[in-house]
Amino acid sequence: MKHISLGVPNPKQSEFLLDTHRFVAFGGARGGGKSWAVRVKAVLLALKHSGIKILIIRKTLAELRNNHINPLIDITKNLTSYNDSKKELAFKNGSAIRFGYCSCQADLTQYQGSEWDIIFIDEATQLKEEWFDELKVTVRGVNNFPKRVYLTCNPGGVGHSWVKRLFIDRVYKEGEDPNDYSFIRSLVTDNKALMDTNPDYAKQLSSLPPKLKKAWLDGDWNIFEGQFFEDFIDAPEHYSDRLFTNVIEPFEIPPDWHIVRSFDWGFAKPFDCSWWAIDYDGRAYLILHFYGSNGVPNEGLKWHAEKVFAEIHRIESEHRWLKGKSIIGIADPSIWSEDGGEPIIAAADRHQVYFQKADNCRIPGWMQVHYRLAFDSDGKPMVYFFNTCKHAIRTLPLLQFSKTNPEDLDTSQEDHFADSFRYFCMSRPIKPQKQILAKYPSSDPLDLLRDERYRKYSYV
């Protein structure tokens with residue numbers, strides 16, 4: 001009997017090799033040994049299940065050759081034959097590993113009507129969510145082979161948002177079972193083989209620009225290239241002192257603080273209703289958040305206008321922070337539109353949820369958002385988010401710059417809270433804060449809390 005040598009996995013790779021969830025994501029940082037794990041898992045499945053059909057997807061054919069085709073041909077040459085026209089590695093037991101690429105929508109046509117038992121998507125954040133949706137439905141068949149999708153991933157890229165939603169934030173739509181999803185975090189330091197053969201690789205990652213360093217070395221899914229709100233910081237370790245964080249633990253709102261309600265309607269995307277409390281210094285606190293969808297399922301709920309405003313009225317009638325308050329409402333001007341029938345605002349009026357039109361200027365509005373998020377000379381921002389407002393905290397850091405207008409964000413993303421936030425900020429514009437980072441530059445605001453050079457300042 002002929003033998004092959006696959007090598008010895010590190011502990012994180014072993015977790016990946018043993019994981020049997022329907023969807024398994026592996027990685028989080030560069031150099032974690034992801035490609036090796038994909039190759040070994042594919043070979044083990046092919047050897048264990050005679051006749052199984054496996055597909056390995058990568059963005060380009062060149063990447064496929066370098067990372068999978070050539071290494072697998074070399075590893076399995078005693079047990080397989082390779083057909084380059086089909087891009088298929090055939091095992092003597094009838095199993096097959098096919099290699100495919102997907103760099104654009106048109107590339108998906110080659111997979112239409114196909115059936116696979118296992119799909120590996122290498123560097124999944126390079127693929128759009130709709131591409132992933134089309135690929136995963138091809139995992140089917142009437143045989144008894146396991147049906148799974150394995151993904152490798154790093155922060156960043158066009159697919160950052162959906163990978164983070166499913167595997168990091170674990171926020172699921174209707175029809176998505178949380179029990180189907182598993183994430184195994186692997187860093188370069190977990191990859192002993194790489195650290196032994198190339199000990200300088202970690203140093204190279206450490207020398208990257210700050211955002212890339214946090215994404216590629218630390219596996220930080222909240223920071224990546226192209227991030228529109230990179231000044232938003234969720235630092236749980238600093239919730240208690242409120243320094244250099246925009247997210248804090250909830251507290252009881254003083255009864256004389258003003259309340260502002262901002263609203264953005266989503267015709268085919270989530271709507272957002274946010275309640276902001278304003279303290280004596282003009283600092284804003286996102287205290288409550290109502291988020292849902294009237295067309296796309298979100299956490300099992302579907303909302304139409306009457307139901308949305310009835311719920312808003314109920315919340316404001318019952319919640320101790322809002323009951324009896326004179327609340328100022330600011331809303332997307334589009335809800336006054338009569339195009340195609342009754343305007344959305346009519347439903348709001350029927351439920352005694354009143355609004356005035358928001359200033360919808362985008363670029364000045366985004367500047368006001370940045371002014372609010374920025375830290376002043378005391379290390380405090382002009383806006384805080386209660387950590388119970390999970391959809392606000394989830395969606396804001398995912399938004400990216402527009403490719404056509406570098407001053408705006410990409411409106412194809414889940415931007416409804418951001419728009420609602422912008423309307424609020426434009427209703428109470430402020431001047432730019434004197435930022436501590438401008439005076440004391442650092443690669444990371446939180447470094448100021450750790451850096452001995454700044455301990456003489458009162459905010460540390």
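Visitor: How many of the 10 residues of helix α5 (residues 160-169) are buried?
Guide: This is a predicted model in which local features need pLDDT of at least 70, side-chain atom pairs count only at pLDDT 80 or more, and totals for chains, interfaces and linings use all residues. Residues are numbered from 1 along each chain as its sequence is written, and side-chain values use heavy atoms, with hydrogens and water left out. Helices (H or I, at least four residues) and strands (E, at least two) are DSSP runs numbered from the N terminus, while buried means under 20% relative accessible area, exposed over 50% and partly exposed in between (1.4 Å probe, protein chains only). Helix α5 is largely enclosed by the rest of the structure, because the count of its buried residues is 7.

Visitor: Which elements are included in what covers the buried residues of α5?
Guide: The buried residues of α5 are H160, W162, V163, K164, R165, L166 and F167. Their cover is judged by contact, meaning heavy atoms within 4.5 Å. It includes β1 (23-28), α4, β7, β8 (181-186) and α12 (390-395).

Visitor: Which residue does D169 join in a salt bridge?
Guide: A salt bridge is a side-chain nitrogen of Lys or Arg within 4 Å of a carboxyl oxygen of Asp or Glu. D169 is partly exposed, at 27% relative accessible area. With the closest N and O atoms 2.9 Å apart, its partner is K164. At 3% relative accessibility, the residue that counts as buried is K164.

Visitor: Are K147 and D117 buried or exposed?
Guide: K147 has a relative accessible area of 16%. For D117 the value is 2%. Both values are under 20%, so K147 and D117 are buried.

Visitor: By about how much of a helical turn are D133 and K136 separated?
Guide: The side chains of D133 and K136 meet in a salt bridge of 3.4 Å, N to O, and D133 is partly exposed at 30%. An α-helix has 3.6 residues a turn, so residues three or four places apart point the same way. D133 and K136 are 3 residues apart in helix α4, so their separation is about one helical turn.

Visitor: Which residues are linked in a network of salt bridges?
Guide: Side chains of opposite charge can pair when their charged atoms come close. The structure holds 25 salt bridges. A network of them links E129, R165, K173 and E176.

Visitor: Where does T125 lie?
Guide: T125 is buried, with a relative accessible area of 3%. Leaving aside neighbours within four places in sequence, T125 is in contact with residues including C153, N154, H160, V163 and W221. Its place is the loop between β6 and α4.

Visitor: Which loop holds E123, and what is its phi?
Guide: E123 is buried, with a relative accessible area of 12%, and lies in the loop between β6 and α4. Although E123 is not a glycine, its phi is positive, at about 60°.

Visitor: Which members of the largest nonpolar core touch the most other members?
Guide: A nonpolar core is a set of buried Ala, Val, Leu, Ile, Met, Phe, Trp, Tyr and Cys residues joined through side-chain atoms within 4.5 Å. F309, leaving aside neighbours within four places in sequence, is in contact with F263, I344, A347, A348, H351, V353 and F355. Of the 63 residues in the largest core, those that touch the most other members are F229, F263, W275, I287, F309, F385 and F421.

Visitor: Is H370 buried or exposed?
Guide: H370 lies in helix α11 (residues 362-373). Not counting residues up to four places away in sequence, H370 touches F228, F229 and D231. Its relative accessibility is 19%, so H370 counts as buried.
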